[in-house]
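Please read this report alongside the sequence and the coordinates. It covers selected local and sheet-level features.

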Amino acid sequence: MVIVTRIRREVLTLPAAELGPDNPLPALRPLDEVHRIDGRERTDLPADMARQLGHEPLRSLLPARVRDGYGRTRAPRALDALVIENDRLRATVLPGLGGRIVSLVHLPTGRELLYRNPVFQPADFALNGAWYSGGIEWNIGATGHTTLSCEPLHAARVPAPDGGEMLRLWEWERLRDLPFQVDLWLPEGSGFLYAGVRIRNPHERPAPVYWWSNIAVPEDRRVLVPAEEAWHFGYERRLSRVPVPSYDGIDRTYPLNSRYAADYFYEVPDGRRRWIAALDADGHGLVQTSTDVLRGRKLFVWGSGPGGRRWQQWLTAPGTGGYCEIQAGLARTQLEHVPLPAQSEVSWLEAYGPLDTPSTGEWTDVVGAAEQRLAAVLPRARVDEAYAAWKPYADTEPGTALAAGSGWGALEVLRTGLELPGTPFPESTLGAAQEPWRQLLRTGVLPEPRPGRPPGPTPVSPPWRDLLETAPATAHTEYHLGVAQWHAGDRAQAVRSWERALRRAPEPWPPLRCLAVADQEAGHHERAAERYADAFRDLCRDGHDDDGTRTAAVAALGRETLEALLRVRRTAQARSVWERLPAAVRLRGRFRLLLAELLLAEGRRAEARAVFDAGFEVADLREGAEDVGRLWNRLTDEPLPARYDFRMRPDTG
């Protein structure tokens, strides 16, 4: 048999914004995450859903770093891509940006089956900030877009069940400390791309697991799914059961029929085949199906209102069509975490390909016809058989390396001695971020950082915390110990560790900033503002910055300090902080917004309004955030200008 499937390298050149440096301040609090509801809303939910909604939510983003160093200036940039192709489909993958499938082309017709973003523009949608739209993304970790959205994954060639090759992607997900893999392959002559996914819990404790495969498709589609009901979740953060396809007299399976952004989590009946499709008016489009473990199906719409339209423009290039997302996940909704027992794994198979079937007509008839067509081109039994054939290959050791991910998995393997067949994390992948922790493992001593540089990231799992507790108690060690204790929920001990670090630190600003956050969380906002001001003053002493890291720290700490001072109306101190910021930082959109707030606090309303009139773009505006609109409403009764209108819920429309 001649195997025609090919895996090859390619360079994809796009107008792209630079990611910039990570925020060097430890992420002691989550960014505002929209995928949560008030506890009072859980009383009428199914028992398993209610239980999983409250199962181990994130208390912080640790050990991940916030990625907010990007801007909105785009220039042609070469992105390393991997292409897997047979005579029916061509999939293009970006291993350096979360392993996303950015394109899936049906070769006989030339149709692009996905929404392919013509630009790379990071925006503040991931749990830790930077995220970009388009294609198929793999979301693991916690409710929201993964912290790996813009991170590199390991990639390699691996033997496929049919004798050909698979493209394996894998990494160590650090929020939950779990290794995972995605195996992509195209059997000879197949019109469907297979994705075998496995998440392992190698630890001696249960772990909360989250997975959603998000598929961006053009929004001028009808979304078909075998369901008569859905759970509707909007930016009002309420979860309610609604009928499918229509409620309030509107057919919501057409994305543009909804005015506001919303999620529809479909109730696919037990025993029914799991699938979801997005088809154009002529009945052409994409279908995704899977083995039954991947139970959830979802539609996300931006809506036809001005806020949704503005976000669409924000995430792509002017003049391009909008998109919606069809999704598949481990739970009913995207608000849940599923327990994974100790030393166990969960795995499934997904299939992506073209579907041609009528999209218009009465719901039951259209869904039934689509289900029959799917059964004809990809029988349910064939998906189950492909999964069974793949499972023995999931442990196959990778062959030719095609891309390298982070060294964090290698550090965990070095610490634990774990054997993870199929997903090696060799010591050769350790880098500068892991080096201090490798030395701590070998010597029991955490080495001191280079003078003038912000502290590096902190591993925070219990074994690392134990190592820090037994290491010599230097200021640097006490600082990291406090971060690990904070992550564990032991805030009193964290504060004591940071206070000890403060007494010994040659540069006091890192523990001072942590103590300021602790003060804010405890409601001591005046003391927090004072500590922030002291920390910023210390950081701004002369320091060498050879790679932009210190400037990133000045920007990050400056923003937090300004916000803390303005909160307690210390406008004179806030003005002093503003004047010490580097000129290039003050020009950023986030800081133009802060300037307008400062001017308003100083009583200089006309000058604050002039900042808006001059125009600015807050590159890291958070999904669902209303910062810009709220400040505008404090300035004037005039309607919010379209360029600043990112509102996503009806009670602010």
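## Basis of the model

The structure is a predicted model, in which local features need pLDDT of at least 70 and side-chain atom pairs count only at pLDDT 80 or more, while totals for chains, interfaces and linings use all residues. Residues are numbered from 1 along each chain as its sequence is written, and side-chain values use heavy atoms, with hydrogens and water left out.

Helices (H or I, at least four residues) and strands (E, at least two) are DSSP runs, numbered from the N terminus.

## The nine-stranded sheet

Nine strands make up an open sheet with antiparallel pairing, in the order S15-S21-S22-S26-S12-S11-S10-S9-S27. Two strands count as paired if DSSP finds at least two bridges between them. The edges are strand S15 (222-224) and strand S27 (401-403), each of which pairs on one side only. On average, neighbouring strands of this sheet are turned by 20° against each other, direction ignored. At one end of the order, strand S9 (residues 154-159) is joined to S27 by two bridges, and the two run antiparallel. Ala155 stands opposite Ala403 in S27.

Helix H4 (residues 380-390) lies across S10, strand S11 (178-185), strand S12 (193-201), strand S22 (284-290) and S26, and runs at about 135° to S26. Axes here are lines fitted to C-alpha atoms, for helices over the stretch in contact, and angles run from 0 to 180 degrees between N-to-C directions.

## An enclosed strand

Strand S20 (residues 262-266) has five of its five residues buried, so it is largely enclosed by the rest of the structure. Buried means under 20% relative accessible area, exposed over 50%, and partly exposed in between (1.4 Å probe, protein chains only). In a regular strand the side chains alternate between the two faces of the sheet. In S20, Ala262, Tyr264 and Tyr266 are buried on one side, and Asp263 and Phe265 are buried on the other.

S20 has two antiparallel partners described here. Strand S16 (residues 229-234) pairs with S20 over five bridges, with Tyr264 in S20 as the bridge partner of His232. Strand S23 (residues 296-301) is also joined to S20 by five bridges, and Arg297 in S23 is the bridge partner of Tyr266.

## The second largest pocket

The second largest pocket has a volume of about 1,000 Å³. Grid points are joined across faces, edges and corners, and a volume is the space filled by probe spheres set on the points.

The lining of this pocket has 39 residues, of which Arg65, Trp408, Ala433, Gly456 and Pro457 lie nearest its centre. Strand S10 (165-173), helix H6 (435-443) and helix H8 (475-487) are the elements that give two or more residues to this lining, and H6 gives the most, with four. By class, the lining has 18 nonpolar, ten polar and eleven charged residues. Ala, Val, Leu, Ile, Met, Phe, Trp, Tyr, Cys and Pro count as nonpolar, Asp, Glu, Lys and Arg as charged, and the others, Gly among them, as polar.

## Two buried residues

Thr357 is found in the loop between strand S26 (344-356) and helix H3 (363-377), and is buried at 8% relative accessible area. Not counting residues up to four places away in sequence, Thr357 touches Leu279, Gly283, Ala369, Ala370 and Arg373; contact means heavy atoms within 4.5 Å.

Glu478 lies in helix H8 and is buried, with a relative accessible area of 5%. Leaving aside neighbours within four places in sequence, Glu478 is in contact with residues including Ser497, Trp498, Arg500 and Arg504.

## Backbone exceptions

Most residues other than glycine have a negative phi, and most peptide bonds are trans. The peptide bond from Leu62 to Pro63 is cis, with omega near 5°, and Pro63 is in the loop between helix H1 (47-53) and strand S2 (74-85). Another cis peptide bond joins Val244 and Pro245, with omega about 15°.

Asp177 has a positive phi near 60° and sits in the loop between S10 and S11; Asp177 is buried at 11% relative accessibility. Asp248 has a positive phi near 55° and is exposed, with a relative accessible area of 66%.

Technical notes
1 Å grid on protein atoms, 1.4 Å probe; cavity = no way out; pocket = protein on both sides within 12 Å on 5 of 7 lines; lining within 4 Å.
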